[in-house]
Amino acid sequence: MSIQSCVTIINEWDIVAARQLGRNVAKELGFGIVDQARITTAISELARNIFLYAGKGQICIDKLNEGGKVGLAINATDNGPGISDIRQVMEDGFSTSGGLGAGLPGVKRLMDQFDIESSPGDGTKIKATKWLR
Amino acid sequence: MRIPILKLYNCLLVSIQWELDDQTALQFQEDLLHKIHETGANGVVIDLTSIDFIDSFIAKVLGDVINMSNLMGVKVVITGIQPAVAITLIELGIGLDNVLTALDLEKGLEKLQQELGE
Amino acid sequence: MNKLIYGFIEENKLDILNEWIETTKDNADDRVLRVVSDQVFTSTSREFVDLIISNIKGTKEDYTSRLTDFAEKVVRLGWPLTFVTKGLHTFGEIVFEKMEKSELVTKDNQMEVIREFGAWMTPMNNEIVSVYSTTWEKTVSLQKIALQELSAPLIPVFEKITVMPLVGTIDTERAKQIMENLLKGVVKHRSEVVLIDITGVPVVDTMVAHHIIQAADAVRLIGAKCIICGIRPEIAQTIVSLGIDLNQLTTQNSLQKGIETALELTDRKIIVMEGAK
C-alpha cells in the first residue's frame, strides 16, 4: 500500500519544494526530528543531482505501509544522460561537479534502503527508503 | 531575500533564520566577503540555531565562505548547529574539519574573543 | 452431528482425559515436565476438556473469551507452543479413535465427522497460536523499550561537564540512539565537554569504533568537546587501524583521567584542601 505525491524538478526552487514536501510527509508519518532531517537532506541531494546532471526529472514521495511497517520512499527519476559507472559514483569523495562528493553514498547512509538503476542514455532511477522505527 | 549581516565592535554577526535555497546561500557568500572587506572586521559568528537541515551544497558554500574568510585573515565561529543537523552532516560524510564551533551565540562570541586575543 | 462428537466427549470425559494425559506426558520432553507440576498438568488438562465441552453449552462469545483466557493461562505457565498444539492434535486423535472403536463413526458419516472435527479443532488451534504470538510480540516490544531506556543515560557531573557511560553491545540501531541522546543532552545541559565512557562495552570492533568516532565528530559540530574514555589496548589498535585522524579526537584510558582532562579544558582542577582534617 502506498500513497504518492510528486514534484517536478526543473529549476533550483523545485529543490526547495521537493524537500518541503518530504519534510511534511515525514512529519505526518511520525518520524522524529533527526529522521526528518535525514529524509529532507536525502531529498535535497537527489533533487540537486537531477537539477545538475539531468536538467529535468521528478521526485516522488511514497507513504509506505507494508505489513504494519510504516515508511517513506523517495523516488528520483530522470531521463538524463545516466550513469556509466555506478560503482564509481557510490564511492565516497567522487564528484564531477566540484561539490563535496558526499551525494549518493551520503544518501545511502542517511536512508535504510537504497536502490539505483541507471545506464548511459537511459536516465537514472533511484529509490531510497526509510522505515519508521 | 538577503541574509542580514550585523556589525558588533570588531565582529560580524550573522543569524540565518530561514531555510537556505541555493541562490540565497551564494548571495550570502558574496555579501559576507564584501562586508568583511568593507568593515575590516576580524571575526565572524554565524548562528544556525534556526536551521533544521543542511545538505552537501549548503555545507560546501558554508565551508567555502569560512575558508575564504580565513584567507582574508578573519576567524569564523559557527554556532547553534542542531543535533539533527550534526547527525545528518556526519552521516553524509561532511565533517566540516577545522571549523570552529560553539553551542550558542554567547559562547561563540566568547570563543571568538579567545581566538582573537591569542 | 455436532451433538454426536460433543455428546461422546462429555460421556467419556474421564476416559479421554486419562488417556490424553498419559499420551501427552509420554511425548513431552523434559523441558515441559520441569516447568509443569503433575497437579497443574492434570488440572489444566481438565480445564481444557471442560472448555471444549462448554463449546456446546455456552454461547459463542462466551466460548471465545474462555478460550482466550485459557490460552493466556497456558502461555503464562510457560508451556512451549509446540507442546500445546501437539497436545490439541493428540486430543483430537484420541477422540476420533475412541469414536471409531465405539462404532460411532461409520463409512457413511466418516467424511462428515472429519469435516466436523476440522471445524472444531481449527479455531482452537488458531486462537492458541494467535494468543501466543501476541504475547511474544508484547514481550519483545517491552524488552525493546527497556533496552532503549537502558541505552544511553547522560549524567551531568560538573557544570559544563557531562558523562555518558556506555554498557553492553552496540549495534547500528543503538549507535544511532546514542548519538541522538548525546547531542540532545549536550544542548540541553549546555555542556562544554562530554565524556563517553566505553569501559563497559565488551567488544569494540571497527563498526563500533566508527560509530563512536562519528558521535565525537557530531559533538564537535554542535560546539562542544568530546573525550572518549576507557580506551583499552585492543581498542587503541582498532582506532589506529581505522586510520582515524587522532588530532580531532581526545581520548583517555580511564574515566578518572577523562574527568581531569575535562576540568582542565574548562579551566578548573581538583585540589587537596590544606589543613583539612
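Select residues 1-112 of chain B, the range that an unreviewed UniProt entry annotates as "domain: STAS"; such annotations may be inferred rather than shown by experiment, and UniProt positions are given in the numbering used here. Over this range chain B is 46% helix and 20% strand, with its end C-alpha atoms 28 Å apart. Helices (H or I, at least four residues) and strands (E, at least two) are DSSP runs, numbered from the N terminus.

The model is predicted: local features need pLDDT of at least 70, side-chain atom pairs count only at pLDDT 80 or more, and totals for chains, interfaces and linings use all residues. Residues are numbered from 1 along each chain as its sequence is written, chains are lettered from A and ligands numbered from 1 in the order written, and side-chain values use heavy atoms, without hydrogens and water.

Next, display both sides of the interface: 24 residues from chain A and 20 residues from chain B take part in the contact (heavy atoms within 4.5 Å). About 1900 Å² is buried between chain A and chain B, 55% of it from carbon and sulfur atoms; this is the accessible area (1.4 Å probe) lost on putting the two parts together, summed over both.

Now select R19(A) and D55(B), whose side chains form a salt bridge at 3.8 Å, N to O. The rule (a side-chain nitrogen of Lys or Arg within 4 Å of a carboxyl oxygen of Asp or Glu) finds six salt bridges across the interface of chain A and chain B.

Finally, colour α1 (12-29), α2 (33-54) and α4 (103-110) of chain A, each of which supplies at least two residues of the side touching chain B. The largest share of that side, nine residues, belongs to α2(A).
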